[in-house]
Amino acid sequence: MVKGKIVVVGAGVIGLSVAWRAQNSGWRTVVVDPQPCSGASWVAGGMLAPTTEAWPGEEPLLELGEASLRAWPEFAAELGDVGLRREGTVVAAFDSADADQLTILAEHLDGIGRKVDRLTGPELRRMEPTLSTSVRSGLSVPGDLAVDNRKLLEILRSKVEFLHAEVKAVRPGAVELEDSTVDCDAVVIAAGAWSRNLHPRLNSLIRPVKGEILRLKPGRGALPLGRTIRALVESRPVYLVPRDTGEVVLGATQYEAGYDTEVAVKGVRDLLLDAERVVPGISEYILVESAAGVRASSLDNLPLIDWLEPGVMVASGHHRNGLLLAPITADAVVALLNEDPVPEAALVARLESRR
């Protein structure tokens, strides 16, 4: 029996996951997006790493991320081959100041009961031989996962119904398109950074943050990466995430640049230089793509998952954690739709709890 009809605005990983889970729960779902799977979810590294993203003062976000990470293996198994990788993450410090930053992170994690392994440079290189001999020290986080974001999006896209259209307005019971209106029982705004333009309550709660990535493929003689590598290079973050194909996604730039999606030469240069200092063999790889996306960031880095008014819900503001938080976000939205209890870890994402 169909419970009703929902329209999900936005075909990134959050919108697609919500639509798929809601459909499995008995709702008829329609996803509206003029360019499905083309936003920040497409331009992503694919790290599922709440521990290595942790920082003092953001404990609620860590707990939310950990709860979603626990759900990821089953989430992936239900979908099929999404390129889920389980080797974990190494976090490398390039100089003494970088090592001090990782010490702060490790001590913080120890203090809240999360264990990470502190390693010397030689110990890190035994785990990940591609690392430079200049790397001083670092951490091993074996529980981190990674996913092929593009495989994931394509599989999710195949499971839901689409309308390729621009949304003009959202109101309870309807979504207004350029030349038509779609009636429904509820609307879920999951349009990433563009969500702020679809409801007056969101305009001050979500802002766009630009990020750039490079995709590389191994050249002749290039050594493959065995696991995700995150690093600090003179305090600049950089990450390298391997794919099953041998490709590597390289990223970590972040700008307050509005909705700009042009790739800056400076960003490409800095990413390549820092990556080569951490993994010298990356110079043997071939640059196959550069791209920029716009993340949706909230005021406190926690996502917004709640009713905005009767009949209109938001699932946005995930910042760097959209892929990681997809399972728990979808579960929370479906719980709200069904008037069931929201997963406890997701209560921090409710608007009422932020006042």
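D148 comes first: its relative accessible area is 12%, so I list D148 as buried. The model I am reading is a predicted one.

Next I looked up the partner of D148. Its side chain forms a salt bridge with the side chain of R243, at 3.8 Å from N to O. I then checked where the two residues sit. D148 is in the loop between β7 (145–146) and α5 (149–157), and R243 is in the loop between β15 (236–242) and β16 (248–251). The pair is 95 residues apart and links distant parts of the chain. Is R243 buried or exposed? I find R243 buried, because its relative accessible area is 4%, and the cut-off for buried is under 20%.

I ran the salt-bridge search over the whole structure and got 26. One group I noted is a network of salt bridges that links R150, R215, E247 and E289.

I then turned to D270. Its side chain meets that of K266 in a salt bridge, 3.0 Å from N to O.

I located T130 in the loop between α4 (121–127) and β6 (137–141). With a relative accessible area of 9%, T130 is buried. Which side chain does the T130 side chain touch in a polar contact? I found that of E128, at 2.7 Å. Setting aside neighbours within four places in sequence, I list these contacts of T130: L223, P224, L225, I229, V278, V279 and P280.

How do β9 and β10 run relative to each other, parallel or antiparallel? Strand β9 (residues 167–171) and strand β10 (residues 174–177) are antiparallel, joined by four bridges. In this pairing I see R171 opposite A174 of β10. The hairpin of β9 and β10 has two residues between the strands, and G173 there takes a positive phi near 90 degrees.

β10 also pairs with strand β11 (residues 181–183), antiparallel, over three bridges. I noted V182 in β11 as the bridge partner of V175. The hairpin from β10 to β11 passes through three residues.

Methods:
Residues numbered from 1 in each chain as written. Predicted model: local features only at pLDDT ≥ 70, side-chain atom pairs only at ≥ 80, totals over all residues. Heavy atoms only, no water. Salt bridge = Lys/Arg side-chain N within 4 Å of Asp/Glu carboxyl O. Buried < 20%, exposed > 50% of the residue type's maximum accessible area, 1.4 Å probe, protein only. Polar contact = N/O pair within 3.5 Å; in protein donor to acceptor, adjacent residues only side chain to side chain. Contact = heavy atoms within 4.5 Å. Pairing = 2+ DSSP bridges.
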